[in-house]
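The structure is shown first, for reference.

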Amino acid sequence: MRKTITLILLIIGVSVTNAQTQTTAPTTQPYGKIDLADLQMTSCDFEKAANAEVLFDKSKVYFNNNYDIVTEIHKRVKIFNDNGKDYANVRIEYYGGDRSEYISAIQAETINLTSGAPEITKVDKKQIFTEKVDRLRTATVFSLPNVKPGSVIEYKYAIVSNNIGNFPDWYFQTSIPTRYSELTTNVPDILYYKNLETVRQPYAVNKTNRDGSITKALADVPSIPNEPFMSSRQDNYQRILFQLMTIRSMGQRVMTFSDSWKKVGETLMESIYFGGQLNHKIEGEEALITKAKSLPNDDDRIAYLFNEVKKNMKWSELYDKYSDDGISKAWDKKSGNSGEINMILYHLLKKSGVKVYPMIASTRKNGRVNPGYPNYYQFNTTVAYVPVDSTKFYVLDASNKYNIYNQIPSNFLNSFGFYMNKDAKDYDVLFLQNVKPIRQVVMLNGEIKADGKMTGTAAISNFDYNRVDAMARYKKDGEKKFIEYIQNDDNNLKVSSLKFEGMDIDTLPLTHTLNFDLDLTGSDGNYIYFNPNMLSSIKNNPFLSENRYTDIDFGYRSNYIINCTFKVPAGYKVDVLPKSINMTTPDKTIFFRRIAAEQDGNIVIRFNVDQKKSIFFKEDYPELHEFYKKMYEMLNEQVVLKKS
């Protein structure tokens, strides 16, 4: 996990200045001093639909006499409506578990304009709570009181860190618009940190101050909305990341402090919470290992042990790289975090003779790993890595009961994993991707009645990740909700006699067959209308917005095939039949084909959508948006029958 300090917190005491004293350029203000105009404002000037706005977010980072890193935060947020009230729930995470960091000087309050004057409600210190996140991380949490539309919330705090390698990153951008975001850093001459800046708009401030500190600020920073197929928001925010590179001692001797991947791996393998756990014995392991060794090949051994761990262990729903209480205790409890479950899997595979190595990975929500910044903060879970040959490998995560052993979990795709081969002193990052297109095949037969109804059968086969998604949906939600998902909020479609094939064999597609009845609304005594694209998962266009702020990360390639046959009722003939057509994007990475024909009283329609890459840049969105608009118009184009 990136060493992000989740900025959210507290404030106190307020005085009001006349709105006319407000400068034209956005800036910060002392704690407790607020312009009347900010209390009166009802919307964000540059993003009118926003539920809330960061008025300013200010950070000052410096070193005290003990060379501890001190980070002072002061944040102020305007709440515009009820949907924005969630931003008054504050959570600050820091590395308090090992006492390398602590939080202090928390202040927080809510400011409301009542009868033309500010009404101040302070946070009761007793309502500020501390939570343990995992072995290393701690969270300070609280909710600001008396928050309503029009409120301004304000909070400030300081975090002190005794780890000079953990210089805090700064995010100028959030999920709501930010009027002003400012970072000031003051670093001693003996320390050098490398900066990785991802900034897409001109700095409002970019200067070196008299005391040698550096201030960088952005103004009128738009929000990053939640967009379809986006990676984590942190991947897309404008930000500055820091990494310690060198320390110059008093005698001018330069020590390289930056981590290499080899150093990261050695540190992890020496940790009692990581490498120290990998060889711990678990109760009853002999029977599992003996059974695995009796199987004819590594694939069978891997599949067997993978399924045994999935079956026996319950995931705590927490991602973690480490084991808090030890894998032996986790096995005894039959419950653990993701790291503990996959350390157990690694241990059993290793003892069974499988060539396997521990790997740390980052989930999609946690964010992509930057291979140019060697550290373990970027990762949030442990998995088992099995190199099969020079071109093939497995990444095993047994915490999700629906994962398949020979398929990289979709949650890790298009990022890097870091594997550790201690014996060979081989420590390196590996890009995790799936180049194989993931398929869904729909075979549908419908019989149209003269009274404007249709009855039929369908077989829908889901492969690989589509299989995992369908299996998880059915097992977690149950048959009733699964059928509702298939019906896609169409009250005219009734599904019955649902039956599954391939549910117990991971290597087979998961196929569900069903009978259906459909009322063809809009039909009358002379015409019957229907959309042939039924029961597939590509009925609704996900890219309706005209604008796109983030890259599109599908995770993997996909291929959809829909084969439909419809029997025309006696006394009717085809009046309108969609034309056969081929269409592709300018770069030929997405292909759409529709074939439509009439033969022997039947209508036969075939759709094929083939997406040949998984990531598209936001700069290419206008072309993609236009293609999807046309494609979904064709996918949902109706067939018209006319009474003879």
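1. Strand β26 and strand β28 (residues 510–519) run antiparallel and are joined by 10 bridges. Strands here are DSSP runs (E, at least two residues) numbered from the N terminus, and two strands pair if DSSP finds at least two bridges between them. Within this pairing, phenylalanine 516 of β28 is the bridge partner of glycine 456.

2. The model is a predicted one, in which local features need pLDDT of at least 70, side-chain atom pairs count only at pLDDT 80 or more, and totals for chains, interfaces and linings use all residues. Residues are numbered from 1 along each chain as its sequence is written, and side-chain values use heavy atoms, with hydrogens and water left out.

3. β26 (residues 453–462) also pairs with β25 (residues 438–448), in the antiparallel sense and over 9 bridges. Here glycine 456 of β26 stands opposite glycine 446. The two strands, β25 and β26, form a hairpin with 4 residues between them, and glycine 452 in the turn has a positive phi of about 80 degrees.

4. Which strands form the open sheet of 3 strands, and in what order? The order is β5-β9-β8, with antiparallel pairing. β5 (89–94) and β8 (129–132) stand at the edges and have a single partner strand each, so one side of each is left without a neighbour in the sheet. From one strand to the next the twist averages 25 degrees (axes are lines fitted to C-alpha atoms, and angles run from 0 to 180 degrees between N-to-C directions).

5. Between β8 and β9 (residues 138–143), which run antiparallel, there are 4 bridges. Alanine 139 in β9 is the bridge partner of glutamate 131.
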